[in-house]
Amino acid sequence: MTAEIIYGSKIAEKIRANIKEEVQHLENNGVRPGLSVIIVGDNPASKSYVKFKQRACEKAGIQSDVIELPEHTTQEELLHHVKQLNEDPSVHGILVQLPLPDQIDEKVIIESISPEKDVDGFHPYNIGRLQTDQDAFVPCTPLGILAMVKESNIAITGKHVVVVGRSNIVGKPAGQLFLNEHATVTYCHSATKDLFNITKQADILIVAVGKAKMIKKESVKDGAVVIDVGNNYLSDGSLAGDVDFESVKEVASYITPVPKGVGPMTITMLLQNTLKAAKQISS
Ligand code: GUN
């Protein structure tokens, strides 16, 4: 079997065109959706992620503002900025780029963001609502994964979804989303015993661990759907996923590439969440 490749980049294009239309419609009614991003320090990867987000907002007609704060910013100072954005009616979405410097407690900052402006879906209020299957802001990468699977007409009910990685940003909410879609979900992580025996049982395998090419074809069931969230830079400067794409595509039924797979969907879902926040706040 040779897998069908799910290009997130193509699906993202289609969704972004719809978002752009809706943004225009809202603006015609006097509301310009706005996203404010706060970045603390000079982490080059974070800076480039923020630039991508800003460019995507501009293309979709969403107002985007970036507040750049120095590495030595205190928690109190950052809380003050978040408070101002919470109170600003022209701001519909707030995103504090992670990771934050050591002197700042990420959890405190996340909890300070108004849940109705929490377009990252990291606030415990939104996590709780996702867990109880209520409307919520859902983290962008898991939301993008679900959109890719649905857009590819892959059935989810009753399927065994194995999630490798248990981060708060990707692994945990991804499993929860697929559970809400009536899948049977298994989480694997660094302490999991006999990991590849479990990945081999997956109908849908989601890998988000940050280890280049760790999933080989021997660890994948024939006909499985394989979603690769990895973004690993190799020593030659090239980008690789957590899945050994060339070998796994021989056994999978569907596979996402890296790049042009999950990545473009993540930013698209940020635009979608910002549009949703603008609609809810302005209605
Ligand atoms: N750092 C890496 N990914 C993310 C993300 O999705 N949101 C935020 N705020 N920070 C990140």
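Guide: Welcome! UniProt positions follow the numbering used here, feature names are shortened, and annotations may be inferred rather than shown by experiment. The model you see is a predicted one. For residues 6-120, the unreviewed UniProt entry gives the feature "domain: Tetrahydrofolate dehydrogenase/cyclohydrolase catalytic".

Visitor: What is the span of residues 6-120 made of?

Guide: The span 6-120 is 50% helix and 16% strand, and its end C-alpha atoms lie 24 Å apart. UniProt also places the feature "domain: Tetrahydrofolate dehydrogenase/cyclohydrolase NAD(P)-binding" at residues 139-280, again from an unreviewed entry. That span is 35% helix and 17% strand, with 17 Å between its end C-alpha atoms.

Visitor: Which domains does the domain assignment of the chain give?

Guide: The assignment gives domain 1 at 31-114 and domain 2 at 139-263. Their C-alpha centres are 28 Å apart.

Visitor: Why is alanine 3 called buried?

Guide: Let's set the value against the cut-off. A residue is buried if 20 or more other C-beta atoms lie within 10 Å of its own. Alanine 3 has 20 other C-beta atoms within 10 Å, so alanine 3 is buried. You can find alanine 3 in the segment before strand 1 (4-5).

Visitor: Which residues is alanine 3 in contact with, leaving aside its neighbours within four places in sequence?

Guide: Those contacts are Lys249, Ala252, Ser253, Tyr254 and Ile255. For another distance, take alanine 3 and leucine 130: 127 residues separate them along the chain, and their C-alpha atoms are 31 Å apart.

Visitor: Why is isoleucine 15 called partly exposed?

Guide: Partly exposed is the class between exposed, with 12 or fewer C-beta neighbours, and buried, with 20 or more. Isoleucine 15 has 19 other C-beta atoms within 10 Å, so isoleucine 15 is partly exposed. This residue sits in helix 1 (residues 8-28). Apart from its neighbours within four places in sequence, isoleucine 15 is in contact with Thr268 and Gln272. The C-alpha atoms of isoleucine 15 and alanine 147 are 9.7 Å apart, although 132 residues separate the two along the chain.

Visitor: Which residues of helix 5 are buried?

Guide: In helix 5 (residues 124-131), the buried residues are Asn126, Ile127 and Leu130.

Visitor: Why can we say that the buried residues of helix 5 line one face of the helix?

Guide: Look down the axis of helix 5: the buried residues fall within an arc of 105°, so they line one face. Helix 7 (171-180) is among the elements that cover them.

Visitor: What makes helix 7 mostly covered?

Guide: Eight of the 10 residues of helix 7 are buried. They are Gly171, Lys172, Pro173, Ala174, Gly175, Gln176, Leu177 and Phe178. Their cover includes helix 5, helix 6, strand 5, strand 6 (184-188) and strand 7 (204-207). Just after helix 7 comes histidine 182, with a positive phi of about 75°.

Visitor: What is the phi of aspartate 133?

Guide: Aspartate 133 has a positive phi of about 60°, although this residue is not a glycine. Aspartate 133 is found in the loop between helix 5 and helix 6 (140-151).

Visitor: Why does aspartate 133 count as exposed?

Guide: The cut-off for exposed is 12 or fewer C-beta neighbours. Aspartate 133 has 12 inside 10 Å, so aspartate 133 counts as exposed. Asparagine 153 has 6 other C-beta atoms within 10 Å, so asparagine 153 is exposed too. Asparagine 153 has a positive phi of about 55° and is not a glycine. You will find asparagine 153 in the loop between helix 6 and strand 5 (160-164).

Visitor: Cis or trans: which is the peptide bond from leucine 98 to proline 99?

Guide: That peptide bond is cis, with omega near 0°. Proline 99 belongs to the loop between strand 4 (93-96) and helix 4 (106-112). Valine 258 and proline 259 are also joined by a cis peptide bond, with omega about 0°. Proline 259 is in the loop between strand 11 (254-255) and helix 10 (262-282).

Visitor: Which residues surround the ligand?

Guide: Around the ligand are Leu95, Val96, Gln97, Leu98, Asp120, Cys140 and Ile169.

Visitor: How many residues of each class are in the shell around the ligand?

Guide: The shell has five nonpolar residues, one polar and one charged.

Notes. Residues are numbered from 1 along each chain as its sequence is written. This is a predicted model: local features need pLDDT of at least 70, side-chain atom pairs count only at pLDDT 80 or more; totals for chains, interfaces and linings use all residues. Helices (H or I, at least four residues) and strands (E, at least two) are DSSP runs, numbered from the N terminus. A residue is near a molecule or strand if its C-beta atom, placed from the backbone, lies within 6 Å of it. Ala, Val, Leu, Ile, Met, Phe, Trp, Tyr, Cys and Pro count as nonpolar, Asp, Glu, Lys and Arg as charged, and the others, Gly among them, as polar. The arc is that of the directions from the helix axis to the C-beta atoms. Two residues are in contact if their C-beta atoms, placed from the backbone, lie within 7 Å. Domain bounds come from an automatic or database domain assignment.
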